[in-house]
Amino acid sequence: MRKPNWRRVVRAAATASVIGVAAVLWHNLPTPDEVYGPFDVEAVMGQQATGRDIAATVTGARIAPQIRMERLRAPTLDALGTWVAIDSEAIATRTDAVTRVELVVGPNTYVPTSRLGVLPLTGSLTPGIATRSSWVFDVPAELVAQRGQHASLRVWIGDGRMDSRLVVDIPLDDSRISRSDLIVIGPPTLVGT
Amino acid sequence: MEPARGSAATTVTARFRQWLAGWGLKEWRRAGLVAVLVATAAFGGLDTVNKQIVDTKPGEMFDTGRFEMTVQRATLVDEVRAGDRLIAGKRPGRRFLGLVATVRNTSTLPGFMDKPVDPVGIPDIHALPAMRLADGTLTGALGPGLTDQVVLLWDVPADAISVGAELQVHIWKELKRLNATYGQGWVQSVTDYARLTVPVGRPR
């Protein structure tokens, strides 16, 4: 008659519990957003938001079903929903950089349209020269029709991981939001600082 | 006094040890298999993998999970024009394959419409930006809640497919996942897709 080998029993129990704990941990890992997420720099329309590598001010917004560039023979383009042009001034603060932009309206996220070609603010920004132009989005009309609705513009450089991201709150019934039949995107204004 | 309990426990252990000692290779293999299944089950090892292939046809809507997509027709051309604007010029040995489709984004994120669509069996194929049928503007991502009729475009070898051929197309299901880096995104299913055959026509 032999006593049970407690060392072996403990070893087996420890192995089983390590596998069990690993499984629980594996099912509850932090999301990549929680690990690598950007650091939001919050601002409201009319206020400058300054991040590590970009600064921007939203000065107003225009909403219309049609849009055209202010140049000869530029076609007038219909939106699938409605056009939302966010008029802004932006400047890179460290090095030449291409912005990444999203407009969050209700539950949805939108990126700038490519149908107008590359607009100055979606191209490369330069340190020391502020660019005044617009980011243009195509958004379902009903999302921007409601009173009291807010949109949120997010602007960042690169892939945004563990870097600053500008988040600008835009109240859609503010007096600086204009609604018309046609948006005309004029030439950009470049201002040396 | 302890002897009774101790001896009972010892007997059970001894019996168990004796039983194990009687195991042959077959039993140990089975035990090993059960151990591997139990250990991997905790990490999703026993999750169902069902390959689902749906047969569909031009004019029928297929829901990828992110897009409701209806393929209408396929066209093979030497160059791509939108009115008097040249989008892609003639090149020796190459042609352009267009797939006209109506697409609705039913998700909450913007998405590129050509991502889930895969023309099968064409080597050396390169995707070009999708083009709106209505005005020929290049449309990158389609926003959530929006519907558009677009031409999905590919640059293909001239001898890979011809007018009158039957083009095999796979439209992959898509799943919303967290990206490997950060944020949410859509990834293609590796098992589920719709397959359809589209006759390749001339430009209209």
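This is a predicted model: local features need pLDDT of at least 70, side-chain atom pairs count only at pLDDT 80 or more; totals for chains, interfaces and linings use all residues.
Residues are numbered from 1 along each chain as its sequence is written, and chains are lettered from A, with ligands numbered from 1, in the order in which they are written.

**View 1. Chain A as a whole, with three helices and 13 strands.**
Helices and strands here are DSSP runs numbered from the N terminus (helices: H or I, at least four residues; strands: E, at least two). The C-alpha trace of chain A spans about 100 × 40 × 30 Å along its principal axes. Chain A has a radius of gyration of 25 Å, whereas a compact globule of 193 residues would come out near 16 Å. That radius is taken over C-alpha atoms, and the globule rule is 2.2 Å times the number of residues to the power 0.38. Of the 193 residues in chain A, 33% count as buried. The burial test looks at other C-beta atoms within 10 Å of a residue's own, placed from the backbone: 20 or more is buried, 12 or fewer is exposed, and in between is partly exposed. Look at contacts in chain A with a separation of 6 or more, and 72% of them join residues 24 or more positions apart. Two residues are in contact if their C-beta atoms, placed from the backbone, lie within 7 Å.

**View 2. Chain B and its two domains, 3–41 and 53–201.**
The bounds of domain 1 and domain 2 come from an automatic or database domain assignment. The C-alpha centres of the two domains of chain B sit 58 Å apart. Chain B has two helices and 13 strands, and its C-alpha atoms fill a box of roughly 105 × 35 × 30 Å along the principal axes.

Helix α1(A) has 22 residues and reaches 31 Å from its first C-alpha to its last, close to the 32 Å expected at 1.5 Å a residue. The expected span is 1.5 Å times one less than the number of residues in the helix. The 17 residues of α2(B), residues 25–41, should span 24 Å, and the end C-alpha atoms are 24 Å apart, so the two agree.

**View 3. Where chain A touches chain B, with 28 residues from chain A and 29 residues from chain B.**
On the chain A side, α1 (6–27), α2 (32–36), β4, β6 (108–110) and β8 (129–139) each supply at least two residues. By class, that side has 15 nonpolar, six polar and seven charged residues. For this sorting, Ala, Val, Leu, Ile, Met, Phe, Trp, Tyr, Cys and Pro are nonpolar, Asp, Glu, Lys and Arg are charged, and the others, Gly among them, are polar.

**View 4. The largest nonpolar core, with 74 residues.**
A nonpolar core is a set of buried Ala, Val, Leu, Ile, Met, Phe, Trp, Tyr and Cys residues joined through C-beta atoms within 7 Å. Those with the most contacts inside this core are I54(A), V84(A), L153(A), L99(B) and L152(B). Strand β4(A) gives the largest share, 10 residues. Zoom in on L152(B): leaving out residues up to four places away in sequence, L152(B) touches G98(B), L99(B), A101(B), M113(B), D114(B), V117(B) and A130(B).

**View 5. Two loop residues of chain A, R73(A) and M162(A).**
Most residues other than glycine have a negative phi. R73(A) isn't a glycine, yet has a positive phi of about 65°, and M162(A), also not a glycine, has a positive phi of about 50°. R73(A) is in the loop between β3 (54–69) and β4 (77–92), and M162(A) is in the loop between β9 (150–157) and β10 (164–171). R73(A) counts as exposed because it has 5 C-beta neighbours inside 10 Å; M162(A) has 11 and counts as exposed.
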